[in-house]
Amino acid sequence: MTAFHRESSSGRLPAGEPTGYFVVIPASADDQAADLSKAASILGKSWKLLLSTTLIAAISAMAISLAMRNVYRAQVLIAPVVQGRDGSAGALRNQLGGLAALAGIDVGSSGSRKQESIATLSSGSLARDFVTAENMLPELFSDRWDRNGGRWQLGAKQPTLDEAVRKFTKTVRFIREDHATGLVTVAVEWYSPDLAARWANGLVSMVNERLRTEATRDADHSIEYLNKELAKTNVVEIRQAIYKVIEEQVNNAMLANVQREYAFRVIDPAVPPELKFKPARALMVIVGALIGLLIGVLTALIRHAFRGGGSRHALA
């Protein structure tokens, strides 16, 4: 007979670390139901605590949401303009590609032009020029601006243009491209619905004007360079190719001068929204109430656990 059996027969457990094989018996469904019933009983007895934490959290969330200013979202739907120059551009690359490159002529595809337009629209340089043109610093940092005196408040740090550009590009202006349709949405979120609509439309107008001006300037420079090269050669084939490039640049300059929506065509302009975009006050109150209820449940269970542990120690 082993020592374990001798100890067991005497009614005492052997000393030291237990040896042998052990089987862990999981809690039965009845035990789990009993635990749930016990937890429900604990929460039922703590209904005042649950009600208090839920109401406090809900009221706090409501107060915070009411203190927040309404934000309105204005958006303009635009479509990148495709000039349809792929065929002529391919001919230019074949006939006079090197000279065209020296003249600074863009012979890329319409896809690259589209990406260039979208990149310009999203660029920090355009945002910087727009913030400056609209004199947006007092509006973006209205908490530091004295509207009555027309100057920055005494003791307040005067914001820089870089700060304004960062705030504008991260929290005010949003650009989204729909790759399925190719359309682009420019959205502006601000406290004033009129300003939000004006800024959204103004951004599109500025990017169109910038790219139109650049196209006109580049075409003029290219024509000037090509005319100089034309005077240097008497080779008939080269002169014919240069004439074709000059004709292309003249057409580009004319198109840029007459087409105001040079890079983006406005499909649906922005209008001042009547309904606020955020905050979602009802949702904030509901989430606050749920958080308060969760805090109450955890508090009730933890308090019961500590009380139960104290009772067992007292009995011991």
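**Rings, burial and a cis bond**

Reader: Why is W199 called buried?

Author: W199 has a relative accessible area of 2%. Buried means under 20%, exposed means over 50%, and partly exposed lies in between, with a 1.4 Å probe and protein chains only. So W199 is buried. The model is predicted: local features need pLDDT of at least 70, side-chain atom pairs need 80 or more, and totals for chains, interfaces and linings use all residues. Residues are numbered from 1 along each chain as its sequence is written, and side-chain values use heavy atoms, without hydrogens or water.

Reader: What makes the pair of W190 and W199 tilted?

Author: The ring centres are 5.6 Å apart, and the planes meet at 50 degrees. Rings of Phe, Tyr and Trp (its six-membered ring) pair if their centres lie within 6.5 Å; planes under 30 degrees apart are stacked, over 60 edge-to-face, and the rest tilted. The pair is therefore tilted. W190 is buried, because its relative accessible area is 5%. W190 and W199 form one aromatic cluster with Y191.

Reader: How many aromatic pairs does the structure hold?

Author: It holds 4. One of them is W145 with W152, at 4.9 Å centre to centre and 80 degrees between the planes. That angle is over 60, so the pair is edge-to-face. Both W145 and W152 are buried.

Reader: How do you know that R113 is buried?

Author: Its relative accessibility is 18%, so R113 falls under the 20% limit. R113 sits in helix α5, residues 110-122. Helices are DSSP runs of H or I with at least four residues, strands are runs of E with at least two, and both are numbered from the N terminus.

Reader: What joins the side chains of R113 and Y262?

Author: A polar contact of 3.0 Å. The term means a pair of N or O atoms within 3.5 Å; within protein, one must be able to donate a hydrogen and the other to accept it, and residues adjacent in sequence count only if both atoms are side-chain atoms. R210, in helix α9, has a polar contact too: 3.2 Å to the side chain of S125.

Reader: Why does M284 count as partly exposed?

Author: M284 has 26% relative accessibility, so it lies between the 20% and 50% limits. M284 is in helix α11. Among the residues it touches are A61, I64 and P279, where contact means heavy atoms within 4.5 Å.

Reader: What is the peptide bond from K278 to P279, cis or trans?

Author: Cis, with omega near 5 degrees. P279 lies in the loop between β6 and α11. Most peptide bonds are trans.

Reader: Why does N135 count as exposed?

Author: Its relative accessibility is 56%, so N135 passes the 50% limit. N135 lies in the loop between α6 and α7. Its phi is near 50 degrees, a positive value in a residue other than glycine. Most residues other than glycine have a negative phi.

Reader: Which residues of helix α8 are buried, and what covers them?

Author: E163, A164, V165, F168 and V172 are the buried ones. Their cover includes α6, α7, β4, β5 and α9.

Definitions and conventions: Lists of a residue's contacts leave out its neighbours within four places in sequence.
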